[in-house]
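Please open the model in a viewer and keep the selection panel at hand.

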Amino acid sequence: MTEEEYIAKRLDEQIEWYDKKSKWNQKWYKRLKTAEFVLAASVPVLVAFVTYHWFIKVAIATAGSAVAVISAVHGLYNFHENWIEYRSVCEALKREKHLYLTRSGIYTETENPFSLLVDRVESIMARENIAWAQVHRQKVSVPQRAVLDRSSSTGS
């Protein structure tokens, strides 16, 4: 693979992917957090009117339930963490590309700057992939451990 092919087909595509995913996660994080804040703030206001209208009780219960669901969705999808992680990786990849193209930083003192670029870019992406896998592995294993711990402690 040539330098141009690697930059266009690997590096630029990865920068675009991380940028797009970062923006998507940021958008959903902010939308859901805003909804959560508005719903949570509306509950005390609605309580003041509970004696005047019967449907206020329904609105309070609905708002409270919606806050709980939004909170659970945040915990499940990690919008905030993904936004920050993807933005960080995107910026690191951009930095490497710019240093390489200008032959600045570490790329001024090497015999084969393209090989160094590939090593560093692939290392950045590998670290992110490993971190992602560890987070998702922990999410799967935590509920199983909790069930096992409860069942073993009740038998003693």
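The model is predicted: local features need pLDDT of at least 70, side-chain atom pairs count only at pLDDT 80 or more, and totals for chains, interfaces and linings use all residues. Residues are numbered from 1 along each chain as its sequence is written, and side-chain values use heavy atoms, without hydrogens and water.

**Helix 1 and helix 2**

Select residues 3-47, helix 1, and residues 55-77, helix 2; helices are DSSP runs of H or I with at least four residues, numbered from the N terminus. Their axes lie 9 Å apart, at an angle of about 150°. Helix 1 is therefore roughly antiparallel to helix 2, a term for angles over 145 degrees. Next, select the contact residues (heavy atoms within 4.5 Å): among them are Tyr-29, Leu-32 and Leu-39 of helix 1 and Ile-56, Ile-60 and Val-67 of helix 2. By class, this contact has 16 nonpolar, four polar and two charged residues.

**The largest pocket**

Now select Asn-78, Glu-81, Asn-82, Glu-85, Tyr-86, Glu-128, Ala-131, Trp-132, Val-135 and His-136, which line the largest pocket. A pocket is an open set of points on a 1 Å grid where a 1.4 Å probe fits, with protein on both sides within 12 Å along at least five of seven lines; lining residues have an atom within 4 Å of a point. Which helix supplies the largest share of the lining? Helix 4 does, with five residues. Colouring by class shows four nonpolar, three polar and three charged lining residues.

Terms used
Helices (H or I, at least four residues) and strands (E, at least two) are DSSP runs, numbered from the N terminus. Ala, Val, Leu, Ile, Met, Phe, Trp, Tyr, Cys and Pro count as nonpolar, Asp, Glu, Lys and Arg as charged, and the others, Gly among them, as polar. Axes are lines fitted to C-alpha atoms, for helices over the stretch in contact, and angles run from 0 to 180 degrees between N-to-C directions. Angles under 35 degrees count as roughly parallel, over 145 as roughly antiparallel, 65 to 115 as roughly perpendicular and the rest as oblique.
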